[in-house]
Amino acid sequence: MRDQATKLREIFSAPVAPIPTFSNTYAITVASGKGGVGKTTISVNLALALGELGHSVLLWDADFSLANANVLLNLPPKFTVRDILEGTATVEETLLAVNEKVWLLPGASGIVELARLDGHTLTTLHTKLATMEERFSLIVSDAAAGIGPDVLALCQAAHELLLVTTPEPTALTDAYGLLKALAHQDFHGRISVIVNMVNSPSEQDAGERLCWAAARFLGLRAQVIASVPASVWVQEAVKRQVPLIKLAPSCPTSKSIKHLAHLISARLPGNGHCRKETDEPSFLQRLLRFLMR
């Protein structure tokens with residue numbers, strides 16, 4: 001039997017999984033093992049930063065129990081995904097324009113988890129959202145915290161998982177728990193780790209330790225893509241309901257998120273602006289498949 005050192009060398013020496021091109025729309029799922037790590041703040045500001053780079057972005061608040069992306073943007077929704085499912089509103093009526101490049105599909109508190117809906121309803125959801133998907137070059141899905149079936153499906157369906165954690169032991173433990181749940185589902189996607197609320201250089205190593213543990217014990221290849229510094233401006237942005245990169249564009253936290261957007265944009269096929277025809281399933285098709293397992 002191969003020893004652990006040999007296994008780790010093979011995992012880390014293997015090339016990073018290439019970004020697939022099975023859909024015209026590149027899908028990113030932002031997830032975390034626990035709440036309170038700044039996942040939604042990352043999602044909202046990353047979507048805006050990608051929009052500033054010229055991408056057409058859909059920010060999907062896919063937290064079906066405690067949706068609040070619209071709160072950070074000060075965009076009270078008239079309709080939500082619930083209304084789309086119930087047939088009381090169209091996708092066009094539900095989408096909220098954040099700016100000329102970024103749109104929000106708001107979630108709603110109290111929606112039954114998608115994984116628990118029947119097959120007919122899931123198929124209806126896919127049918128109604130399919131035309132929406134074609135309008136955007138990027139979808140950023142802000143998943144719920146934890147390891148619920150809907151979260152796992154969103155992670156599986158996306159081209160890339162952005163796993164947000166903080167240096168705190170509880171956050172790292174829960175982030176590892178999410179990776180463990182995905183490993184049990186034979187996950188093979190790209191995993192990019194974001195260490196948020198970093199206060200010192202020593203805390204930046206937390207993400208590397210998480211990636212090392214995922215490789216050794218789960219056989220998953222994960223890479224730290226960003227260490228985002230803590231800032232008092234984050235709390236101020238939440239209070240004012242103004243996106244951080246708009247309120248304090250020059251603060252280190254904003255600069256870190258903008259740099260993250262540049263990293264993601266630079267490695268997209270065609271730099272994210274060239275739409276490529278493909279016969280492979282789209283993000284929503286894959287999501288439907290995983291939800292109905």
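Me: Which residues does Asn45 touch, not counting residues up to four places away in sequence?
Reply: With those neighbours left out, Asn45 touches Pro243, Leu244, Ile245 and Ile257, a contact being heavy atoms within 4.5 Å. The model is predicted: local features need pLDDT of at least 70, side-chain atom pairs count only at pLDDT 80 or more, and totals for chains, interfaces and linings use all residues. Residues are numbered from 1 along each chain as its sequence is written, and side-chain values use heavy atoms, without hydrogens and water.

Me: Why does Asn45 count as buried?
Reply: Its relative accessibility is 2%, and buried means under 20% relative accessible area (exposed is over 50%, partly exposed in between; 1.4 Å probe, protein chains only). Asn45 therefore counts as buried. The residue belongs to helix H2, residues 39-52. Helices (H or I, at least four residues) and strands (E, at least two) are DSSP runs, numbered from the N terminus.

Me: What does the side chain of Asn45 reach, and at what distance?
Reply: The side chain of Asn45 reaches the backbone nitrogen of Leu244 at 2.9 Å. Leu244 is also among the residues that Asn45 touches.

Me: Which residues in H7 and H8 meet, and of what class are they?
Reply: From H7, Val151, Leu152, Cys155 and Gln156 meet Leu178, Ala181 and Leu182 of H8. The contact of H7 with H8 has six nonpolar residues, one polar and no charged.

Me: How do you know that Glu86 forms a salt bridge with Arg82?
Reply: The closest N and O atoms of Glu86 and Arg82 are 3.8 Å apart, and a salt bridge requires a side-chain nitrogen of Lys or Arg within 4 Å of a carboxyl oxygen of Asp or Glu. Both residues lie in helix H4 (residues 81-86), four residues apart, about one turn of the helix. Glu86, at 51% relative accessible area, is exposed, whereas Arg82, at 31%, is partly exposed.

Me: What makes the salt bridge of Arg135 with Glu92 a link between parts 43 residues apart in sequence?
Reply: The closest N and O atoms of Arg135 and Glu92 are 2.7 Å apart. Arg135 sits in the loop between helix H6 (119-133) and strand E5 (138-143), while Glu92 is in helix H5 (residues 91-94), so the pair ties together parts separated by 43 residues. Arg135 counts as partly exposed at 34% relative accessibility, and Glu92 as exposed at 53%.

Me: How are Arg240 and Glu236 placed in helix H10?
Reply: Arg240 and Glu236 are four residues apart in helix H10 (residues 232-240) and therefore separated by about one helical turn. Their side chains meet in a salt bridge of 2.8 Å, N to O. Arg240, at 46% relative accessibility, counts as partly exposed, as does Glu236 at 26%.

Terms used
Nonpolar A, V, L, I, M, F, W, Y, C, P; charged D, E, K, R; others polar. Polar contact = N/O pair within 3.5 Å; in protein donor to acceptor, adjacent residues only side chain to side chain.
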